[in-house]
Amino acid sequence: MSSKTLSAPHPLKTLLRLPFTALVAVLGFVNRLRANRAGFIGFLGLLAYFIMTFIMPHFIPFDSEVNLDEIAGPVGSRIQLAVHRDNAALRSFEDLAGKTVGVVDQTGGPSLIAPYADSITIEKYRWTSRRAGPGIRAALVDLANQEIDAMLIFSKTVEEVRADSSDPELQALFAEHVVISNSELGPPHLLGTDTQGRGIATHIVHGGRILILTAVIGGVISTLIALVVGSLSAMIGGAFDAAMTALSNLILAVPRLILLVVLAGLIRFENTLFLGLMIGLLGWPPLMRAIRAQVLSLRERDFVEAARSLGLSTYHIMFREMLPNMISYVMINFIFAITFAMYEQIALLVLGLAPIDDYTWGVMLYFGRSRGTLYNVDGASMALSPVLAIAFFQVCLVLFARALEEIFDPRLRAAV
Amino acid sequence: MTSRNADAQLDSSDVSGVAGALSTLLVKYPLHKNYYLRVFAQAILTIWAVLTVTFFLVRQMPGNPIDVLIEQILTQEGISYQEAYDRVASSFNFDPDASLFDQYLDYIGDLLRLDMGTSITSPGTRIIDEIARFLPWTLFAVGSGFLISFVLGIILGMSMAYYRDSALDHAMSLISSFFTGVPNYIWGLLIIIGPGISWNWFDVGAARGTYDPGLTPGLNAAFIGSAIEHALLPIITYVLATLGSWMLSMKSSTTGVLNDDYVNVAEARGLKDRRIITAYVGRNAMLPLFAQLSISIGFVLGSGVVIEEIFVYWGFGHYLFQAITVRDYTSVQGAVLILSSTFVFSNLFADLTYGLLDPRVRITGEK
Amino acid sequence: MFRRTLYLLMALVLCLMAFAPLQAQDETLNVAWPYQVPPTGHFNTFASNGITLGQYQDIHEPPLAVLMWATGDYAGMVAEEFGWDDDGNYVIKMVEGYSWSDGSSMTADDLMATFNVFRLRGDAVWANMTGIEKVDDSTVKFHMDSPSSLAERIILTTNLRPASVFGDIADRAAMMSPGDDGWDALLQELTEFRPEAPVSGGPYTILPDTISEANLMLELNAGGFAGDVQNYDMVRMWNGETEVVTPLVANAELHYITHGIPPTTEEDFANRGIDIVRSGMNNGPGLYVNHAVYPLNLVEVRQAIAHAIDRIQNGVVSLGDSGVAVEYMTGMSDGLSEAWLSDETLDSLNYYDYDLMKAEELLTSVGFSRNDDGIWVDDNGDTLSFELTFPQEFADWSAAAENATAQLNEFGFDISARGVQFQQHPQDIYASNFEMAIRNWGLGDPIPGRSYLQAYNRYNGQGEAAGEGGGAGMNFDNNVDFSGGMVNVFDLSNQSSQGVDKDAQAELVTQLAISYNEVLPAIPLWERYTNNALNRNFISVPDSSDSIFANFGGGADNWMTTLILSGVTAPAEM
């Protein structure tokens, strides 16, 4: 109504005013959202996800440093400082000035101590194969014999070496001479390490963007198709309706598994986002049928009948009378379409049916599961972190959807 | 006014592509005037279309049954490619070079004689026997999980709508959001790892399979008890994974209906709450869910794939997945035939009974 | 009243459930191998989907002999005496006095039937066999074109099948030749043949009624081969892949698995006091390149790649202690290299140690340089950008691919890794549809020449036998010019397993090894060792230092089945 009274202003003027109008709209929306606590939490959660997956990756680099002694390490594990019992006073890098400190390559120690290379004498140990006897053990023996003064070593490794009962003599030697003087030397791995000893936390930060974009693309495409096809089918009926119903039946009735195996084999995805396109193109039928049923049902309602008897056009009836009545349903289903696209792409990844290229949460979960981390309490983080990241994302979406539903549904608003 | 619906449906099938081909015949024998016959024919056509698409699609999958078995043997046993090929090639009734179209004609011909053929990778084993072996378990486990989840979801969703904005609503939406968010295969793994292994609540080994070895399938207490016991974990998983979405859908739908005029009218008429809930709100709120339900029933058979693998509860999903993995084309076709028939006929059923639930459509039906 | 009865019943059922698994623990061996349940699975062990139980086929269809990998000698099983006669034919004399589980006695007829069915099936063993002859009730003579250690191995590792079941088809096959009328029909009859019940000649027989998705039982077959020395009444064969059996092992319901388990699971098992047994498998993942893609066809580039990847790191992150870096880089495993090559040869090899400077030198030597981003650019001005594909379902290979990519990119390559379905991936290689790929080098076989079949045959377009699979593959020219002269490496690898003169074979193997080491057609990363989980609280077998553990066994020679057949495997004393 209001747009008609605003007798078409200068296009440029509208354009200039757009950001301002948008800002006002967003602020108003957020304000209204605050009244709905769960929805607000969902909104904040989504905002946090946006910041985490779209902004933080620019500041936090992806941890690609392989640490061979801390494969699938527990949450919070960090590098410790091991010293000889006589040197228990050595606690920080400053204390170590002038001393000889042992580090084993490929364990995170060398890069941690590198900045202090001027003041500290660094004794490097080569990581040999664990079968041939690890460099860690050689370093610890040197430490026990005071050939080096201190040693940088991962917390879990210390526990492992101490618990290793295969060589009681060494165990006794370590127990007698080696102590941990500082268990918090290095930065902690907030979410533990993966099967290559890399920090999982940074992978979580980097692993969401593509997944979320793909899910949104899938959701948008399937919702748009469902909305257009569903309402047109219901309004036009006839051959179009029959054809679309048949098409949706066909898409639904051919097992998804087969379709995707074939498509993944035939099409070489240059970009993971194509997966979203595919999911969207195959995902519309359920919602389309629901919308079709909804429109058929709305068609019989009084206000539509009234509009029709007034001789209003189909276009008017659809967009002015029906759409506002379906918006809550479409909105909540749009959100569900996103969650479905998310679920679907991760299921594909987990089943090994989607091509793996980007290192996303889904790929982490897939690798984490296939590399057995779920069966190891210490290492479970590699699979559980992405699972929780995905699950909370979905929860936020659903909470947000609830809020949208209450804000946009005119009938609900009237009732409040 | 109300007959418009029926007219539209009549028109639709006359012009739709496939039926058009038969129109000359139908002019002579006006069977198409019979609504039920026509709907049934459409269903058959859909199944035929699905089978045709599947027939050609499965043969586009990378690798053929021979290649797949060769790779399997090469991975498991230390023999050369040549040896593996010699051993495998002769043990299949499968000629990768046979004309695709001839195979298709044979296949359709056999189907018309109600013969689903034999498996490629187990030459000589009839597919109908394999399906009879696997299908009942999925129908039982995933089916009952599905029903429990639907009924629970309806009840919980309605109560959420009635107690909107209460603590109960908030708690339940959080829970349902979480249930919806966590994929079903993760639920399965979590059940195995948490209660199964870490806390030792049940014997992981004994819970596997569909029933205890040594029991004779039949209507005896030991067998039925064992079957229920073994199905429990898949059922729980399935309920957990689908409950959330039913709850939310039902809540959103009920909320809409609660604001409808006729509920207010009913209230104004002084009808008892219980009657409003069941006769008015419940029935109308379930309507949008009915479309979802009919579609979901069609998915029941195929939806258990990963869960069946995780719990070693081998039903139809396992059968289909296995057939796809080893590229056993004929078995895949057999499984798809069952899947698509279930799907199409459950939809047909839903369409035909739609009127019984929606009073507005019912009037159309009665006319 | 009714309700109370119900509760009582439920309590009873629960009690029974609780006790059921405990009762069976005593004299049952719990092991695992995936199988198909009937009707998909069946008891025709010649046809696909037959319930053969992999390596455990040995305990219901006993092998003729087992190779002791540590010594290279065969230990007779069903074959009591075996060897080449003066005419170059192979003669086997079977043990006497054993019977099949259906009551028929084990004789030369069973061996005749087994090999006649092989002939019908077109098995490779018949490639150099001209005939088979029953000398007496326990002796069979295999007529050969020429003696070869490969043929000997195939014959001796055969699992014996009962003539009472397959004799009819075997006899009819013996009367015919390929191409005859009825040959194809007979072959089809064989593949569709479904014996009603399994017939075992080994110490254990499958009980058909116990086959479920979870497991099946085998009961002692006292009259069968080695049935008199067993320490178990029953064997429970659990069904399933790694994912499925892992919790069972953790829960101590399953006491020995041969499934490859990821390092993290291994760690968890170790914490539960479960032993991990390792034996070299003579194969593992390697980095294959498409030699039609410039500049991957340059030997310097492949050598630089070898120097730029820390294989120790790659092995450890992929498979923990069971991913053992390849040291000698001869195209066969380090164990085979040490067994077949002289010390001088071993010393003369290039070990391709992890050395980025050396890699840098090699690339610079062919005119490559780094661009502003530190990425290598070839002499045509193209960056070294490649796609590396890997079968994504294989957990260890995918880890190897991921890590190799990261290491090469660190060095200045621009590689993107992409996972491909495992069914699709080999097809891509056969069809040359790749730039770099992770595939396997070597073969789980003690005959060294066969290790080269992957690089020179399977992945290199010679595999015409594979029909549509036989593309150009990795486009490597098998005519190799190396310091020892010009050789066709594929012919060489075939010749090296012919004859029975070990010194002559070693000569050819040395040429193969040196040429591979110089030319590096593909880059072996690490050798896969088994990591069998063995719960010694339940199963008693010799200490890990015993030489029997050299027998990793793929389809044959497995140490566990060998120990079962020898009556060594026993319940542990609690």
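This report walks through aromatic ring pairs and charges over rings in a predicted model.

## Ground rules

Residues count from 1 along each chain as its sequence is written, while chains are lettered from A and ligands numbered from 1 in the order in which they are written. Local features need pLDDT of at least 70, side-chain atom pairs need pLDDT 80 or more, and totals for chains, interfaces and linings use all residues, with side-chain values taken from heavy atoms, leaving out hydrogens and water.

## Ring pairs

Rings of Phe, Tyr and Trp (its six-membered ring) pair if their centres lie within 6.5 Å; planes under 30 degrees apart are stacked, over 60 edge-to-face, and the rest tilted. That gives 41 aromatic pairs over all chains. Take Tyr98(C) and Phe225(C): their centres are 5.3 Å apart and their planes at 70°, so they sit edge-to-face. Tyr98(C) and Phe225(C) are 127 residues apart, and the pair links distant parts of the chain. Phe225(C) is buried, at 7% relative accessible area (buried is under 20%, exposed over 50%, partly exposed in between; 1.4 Å probe, protein chains only).

Phe115(C) and Phe142(C) are also edge-to-face, because their centres lie 4.7 Å apart with planes at 70°. Phe115(C) is buried at 0%, and Phe142(C) is buried at 0% too. Both belong to one aromatic cluster, alongside Phe46(C), Phe118(C), Phe166(C) and Phe193(C).

## Charges over rings

Here, NZ of Lys or CZ of Arg must be within 6 Å of the ring centre and within 35 degrees of the ring normal. In chain A, the charged end of Arg198(A) sits over the ring of Tyr359(A), 5.4 Å from its centre. Over in chain B, Arg59(B) lies over the face of Phe55(B), 3.9 Å from the ring centre.

Methods
Helix = DSSP H or I, 4+ residues; strand = E, 2+ residues; numbered from the N terminus.
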